[in-house]
Amino acid sequence: MIERIGEAPPRTLARIAGILYLLDILTSLLGDSLAGRTRVVPGNAAATAASIIAHQPLLRLGVAANLFATACYAAVTVLFYALFKVVNKSLAWLVMVTSLAALAIWTSGTLAELAATLILPGGHTSGPRAGQQALMLLEWNAHAFNLGLAVFGADCLLIGYLIVKSTFQPRVLGTLMMLGGIGLLTYPSPLLATDLYPYNTAPALVAETSLMLWLLVKGVNVQQKEQRARTPR
């Protein structure tokens, strides 16, 4: 199926990727905003459970938005493979695997958020054990978010390298993506990432936004891509 997708016109693939990328960015921002209203109080299961119950509808909407964003970026990942396999097929495959791994980690955290709402039904807690379980689930979501960012940082480095080598996308976009990836690689250490914030995330935000806009407006340089496809690798 992926190979058949790659047979579509390059500019069409790029534009579709840009649209899905935009949907991913918008819905993930919405999802994080809605889910972020729930307050996690470390070491205080009762307060965390009360916050989950108070914001349960918003938290579930946030989960839905984030799952939709994940689906959008999974499609972008496949389209990126179709676009950049002419540069280096093995590396493009690694980019796809790395991206899907990051999405899987984030999805596990998002589903943990949903599970936290399901064990606290009816507007009241089901006892201290349920509250403790809900706290653990939200804490895992926080860990999964950081771990996913680190893996996605590696993905940004790889896709940035492919863009630089591609000749049919501006090299500055690839350089920005690599810089963004370096910043995200600080997230295995939450303390370091917190100290460097927002300087460690700003390059990735600029890079992703720039790449998304370029895909939407310009797509790809079709002539350069066709020439690259004819060049022995």
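Modeller: We begin with what counts as a helix: helices (H or I, at least four residues) and strands (E, at least two) are DSSP runs, numbered from the N terminus. The expected span of a helix is 1.5 Å times one less than its number of residues. In this structure, helix α9 covers residues 202-217, which makes 16 residues, and from its first C-alpha to its last it reaches 22 Å, close to the 22 Å expected at 1.5 Å a residue. Please keep in mind that this is a predicted model, in which local features need pLDDT of at least 70 and side-chain atom pairs count only at pLDDT 80 or more, while totals for chains, interfaces and linings use all residues. Residues are numbered from 1 along each chain as its sequence is written, and side-chain values use heavy atoms, with hydrogens and water left out.

Biologist: How many helices and strands are there in the protein chain, and what does the C-alpha trace span along its principal axes?
Modeller: The protein chain holds 10 helices and zero strands, and its C-alpha trace spans about 65 × 35 × 25 Å along the principal axes.

Biologist: Which residues of α9 are buried, and which exposed residues does the face turned away from them carry?
Modeller: Buried means under 20% relative accessible area, exposed means over 50%, and partly exposed lies in between, with a 1.4 Å probe and protein chains only. In α9, the buried residues are Ala 204, Ala 207, Glu 208, Leu 211, Met 212 and Leu 215. They cover an arc of only 125° around the axis, the arc being that of the directions from the helix axis to the C-beta atoms, so they are on the same side of α9. The face turned away from that buried side carries Leu 205 and Val 217, which are exposed.

Biologist: What is found in α10 when it is read in this way?
Modeller: Helix α10 (residues 222-230) has Val 222, Lys 225 and Arg 228 as its buried residues. Seen down the axis of α10, these fall within an arc of 125°, so they line one face of the helix. Gln 223 and Arg 230 are exposed on the other side of α10.

Biologist: Which residue caps the N-terminal end of α10, and which side chain has a polar atom 3.3 Å from the backbone oxygen of Gly 219?
Modeller: A polar contact is a pair of N or O atoms within 3.5 Å; within protein, one must be able to donate a hydrogen and the other to accept it, and residues adjacent in sequence count only if both atoms are side-chain atoms. The cap of α10 is Asn 221, with a side-chain oxygen 3.3 Å from the backbone nitrogen of Gln 223. The backbone oxygen of Gly 219 lies 3.3 Å from a polar atom of the side chain of Gln 169. Gln 169 lies in the loop between α6 (128-166) and α7 (171-184), and is buried, with a relative accessible area of 4%.

Biologist: Where should I look for backbone geometry that departs from the general pattern?
Modeller: Most residues other than glycine have a negative phi, and most peptide bonds are trans. Thr 167, however, has a positive phi near 75° although it is a residue other than glycine, and it lies in the loop between α6 and α7. The peptide bond from Tyr 197 to Pro 198 is cis, with omega near 5°, and Pro 198 is found in the loop between α8 (190-196) and α9.
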